[in-house]
Amino acid sequence: MQQEIIPHLFRQEYSKIVSVLCRRFGFEQMEIAEDIAGDTFLAAAQSWAMNGAPPNPVAWLYHVAKNKARNHLQHNSVFNNKVAIELKNELTQNADTEIDLSPQNISDSQLQMMFAICHPAIPPEAQVGLALRILCGFGIDEIAEAFLTNKATINKRLYRAKEKLREENIRIEFPSLAEINNRLDNVLTTIYLLFSEGYYSVSQDKTLRTGLCFEAMRLCQMLTENPATDQPQVNALLSLMYFHASRFEARFDKNGELVLYDDQDTRLWNWELVSRGGYYLERSHKGDTLSKYHLEAAIAFWNTQKDDTKEKWESILQLYNRLLQIEYSPVAALNRTYALAKANSREEAIAEAEKLKLENDHFYFVLLGELYTGLDDKVAIEHFEKALSLAKTQTDKQAIQKKLDKLGRK
Amino acid sequence: MEEYALIMRHEDGMKVASPEQMQIWMKQTMDWIGGIAAQNKFVSGTGLPFADACVVHANKMVTNGPFGEIKETIGGLIIVKAESVEEAAEFAKGCPVLQGEGNTVEVRKVAKRDGTH
């Protein structure tokens, strides 16, 4: 029993302890912060196995982490005072070895850590890895599984990212008010990437996939709880993630195979999450900011309405029209063309699709296959076959094969 | 890749359209622009409503409306990316403004900011 709470606490508390210690020590001593946090959990595992978990496990963890940090700082100050005195290191001036693990300082440290990790100097992939490790407390093997790669690759990537944090002399602090909106864009991009990594992951580990998504949502939620970062676009992104997350249970069947939107059992959609999405969408309308997240959240809202109404598809089409003007992406271009078929006509959509020229993208041929299905099944089959030859993952291939099977049976 | 301005010219800006007709044009214009944006060829755009418009003359005289002695006026413009003026003209052909008799879309290359043309 006592042992079982440790993984849960680890996920919850490891990142808090690391963030607070890193903020105190600076990125120069990031590994030491991670070691102290890791050692704290090791001590818990050993002590709780023998004596049982204490009445307040979190307080116990903080107490041990504080002691370990104090020992480190004292040891360090001995070194600095006696051995390297001529280096007149700044650390010696900071005689206070007490670590502040109050809720306020934890929350501040985590937010500041978020801004530090999402610094423009750090490559996006490394940002996601660092966020998973430092802010979400994911293990190296879990990160490797999420990225479908091996532990060595992830370790190397994290190592380089940490070097970069030091080289660029990135500080763990809040950006100035003037800079916060610029930097916030980067933070939101990373959070959305983290979410998508989980949402579109082909990993068979469902707990891991949903875990990634909920961590992204937790980080975004933290931003909405701080007045400086509680901006319209932050609320829009959170809303968007809630709407998507409402379909978690319906997106995969019992065998772990992807269930496409049209085939999903709406009874498995989570209306509690949909209504939270609605709440944050409402909150995102303060002020006159219209970010791409606002448009995507509005599209995601319409996707929680399964009925094929004229209003739904006309709204989705206009939202994509605007989204593409703000930021082009192939997936938005394809979805826009699908909405065009539903709102206007298939013939118009086919003509528009042919202008997209996304011939290396299997989704492009899936779209053309869909548009031709029923109009000209022979052409539809050709497109689906082309899509099948371009698809890379097993999940995508299965989904395309299903469409081909349906057409073949007619 | 060059940038081209597609300038929508109305032959007679005084013609009053019904709100329903306006709504249809608005949707068609949004779909037209969305189609260009879906090809990653959209740069920017702006509509130019006929309300709150005036004309300032050489003698500093200010007259009402977007219309001078001639009734022709500009309804809006968008800037697109295109390899050639021909490609830009292909985009222009889809513009809903052209449904109106006598209306035109003028295609003009945008001068580069570095001073070259």
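This report describes a pocket, a cavity, a strand with its partners, and some cysteines in a predicted model.

Residues are numbered from 1 along each chain as its sequence is written, while chains are lettered from A and ligands numbered from 1 in the order in which they are written. Because the model is predicted, local features need pLDDT of at least 70 and side-chain atom pairs count only at pLDDT 80 or more, whereas totals for chains, interfaces and linings use all residues, and side-chain values use heavy atoms, with hydrogens and water left out.

**Open and enclosed space**

Rolling a probe the size of a water molecule over the atoms shows where empty space is left. On a 1 Å grid over the protein atoms alone, a cavity is a set of points where a 1.4 Å probe fits but cannot get out, a pocket is an open set with protein on both sides within 12 Å along at least five of seven lines, and lining residues have an atom within 4 Å of a point. Grid points are joined across faces, edges and corners, and a volume is the space filled by probe spheres set on the points. In the table, nonpolar means Ala, Val, Leu, Ile, Met, Phe, Trp, Tyr, Cys and Pro, charged means Asp, Glu, Lys and Arg, and polar means the others, Gly among them.

| Space | Volume | Lining by class |
|---|---|---|
| Second largest pocket | about 980 Å³ | 16 nonpolar, 11 polar and 4 charged residues |
| Largest cavity | about 60 Å³ | 3 nonpolar, 2 polar and 3 charged residues |

The second largest pocket is lined by 31 residues, and those nearest its centre are His10(B), Trp25(B), Thr29(B), Gly75(B) and Val97(B). Two or more lining residues come from each of β1 (2–10), α1 (19–38), β2 (42–47) and β5 (73–82) of chain B, with helices (H or I, at least four residues) and strands (E, at least two) being DSSP runs numbered from the N terminus. The largest share, 6 residues, is given by α1(B).

A search of the whole structure finds 1 cavity of 30 Å³ or more. Its lining includes Gly198(A), Tyr199(A), Lys206(A) and Phe248(A), and α9(A) contributes the most, with 3 residues.

Asn103(B) is found in the loop between α2 (85–93) and β6 of chain B, and counts as buried at 18% relative accessibility. Its side chain reaches the backbone nitrogen of Glu11(B) at 2.8 Å.

**Cysteines**

The structure holds 0 disulfides over all chains, a disulfide being a pair of cysteine sulfur atoms within 2.5 Å. For Cys22(A), the nearest cysteine sulfur is that of Cys136(A), 14 Å away, and Cys22(A) is buried, with a relative accessible area of 0%. For Cys136(A), the nearest cysteine sulfur is that of Cys118(A), 10 Å away, and Cys136(A) is likewise buried, with a relative accessible area of 0%.

Technical notes:
Buried means under 20% relative accessible area, exposed over 50%, partly exposed in between (1.4 Å probe, protein chains only). A polar contact is a pair of N or O atoms within 3.5 Å; within protein, one must be able to donate a hydrogen and the other to accept it, and residues adjacent in sequence count only if both atoms are side-chain atoms.
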